[in-house]
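Have a look at the sequence and the model first.

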Amino acid sequence: MRSIPLTFCAAAVAAATLVPASATLADSPAGHGDGRSRATLTITPASATPGAEVDLRVEGCKGKEARGSSDAFVTEARFSPAADRGALFAEARIRSDAEPGDYDVRVVCKDSAHTEVSGALTVVHRGRPMPVAPVRAGGGGTAVLADKAAQQDGPGTAHAVTGLALAAVAAVAVALRSVRRRRPASD
């Protein structure tokens, strides 16, 4: 019974000693191999449909230009300085014939070190487009309800009997009212 807490304590001590050492190695220039500055690539959205546009943002490039490429893109993406300093921005369009799956995106900065950064983009295919939220114009999401109503066969026997009963009650009410009007008023 005492071996389970002892195992957890040993695992925690091992994790505490190994995590700071790996973080230190990752931050050191030796962890990079060539000592270049780190650049990061952000792709928004991370998954897109064919024909859609994605925003690419690179931070950490020393130059003011970069070029990005991917098998999913129609053409090469050309980066220029973003509105905020220190970042580069580009837009890229997904090929309309792109197959679903993951695609590598590679960006090369035009600086003295030719910094390279890569990321991943997922191309997805959606079946029939369906609105996510109701549309605020002309009926909204009632198209689905109208489709279900159109598939019904129409009124059945119960509806016919109810209609006939209501018609009979209305006929009796009209007859009684007309009889009351024909009687002479007694004073």
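## Around S70

Leaving aside residues up to four places away in sequence, S70 touches Y103, D104 and V105. Keep in mind, as you look, that this is a predicted model.

Where does S70 sit? Its place is in the loop between β4 (66–69) and β5 (77–81). S70 has a relative accessible area of 14%, and because the cut-off for buried is under 20%, S70 counts as buried. Two polar contacts of its side chain are worth a look. One reaches the backbone nitrogen of A72 at 3.2 Å; in the other, a polar atom of the S70 side chain lies 2.9 Å from the backbone oxygen of D104.

Now follow β5 to strand β6 (residues 87–93): the two pair in the antiparallel sense over 2 bridges. Here P81 stands opposite L88 in β6.

## Helix α3

Finally, turn to helix α3, which covers residues 157–182 and has 26 residues. From its first C-alpha to its last it reaches 38 Å, close to the 38 Å expected at 1.5 Å a residue.

How many of the 26 residues of α3 are buried? The count is 0, so to speak of cover, α3 is hardly covered.

How values were computed: Residues numbered from 1 in each chain as written. Predicted model: local features only at pLDDT ≥ 70, side-chain atom pairs only at ≥ 80, totals over all residues. Heavy atoms only, no water. Helix = DSSP H or I, 4+ residues; strand = E, 2+ residues; numbered from the N terminus. Expected span 1.5 Å × (residues − 1). Buried < 20%, exposed > 50% of the residue type's maximum accessible area, 1.4 Å probe, protein only. Polar contact = N/O pair within 3.5 Å; in protein donor to acceptor, adjacent residues only side chain to side chain. Contact = heavy atoms within 4.5 Å. Pairing = 2+ DSSP bridges.
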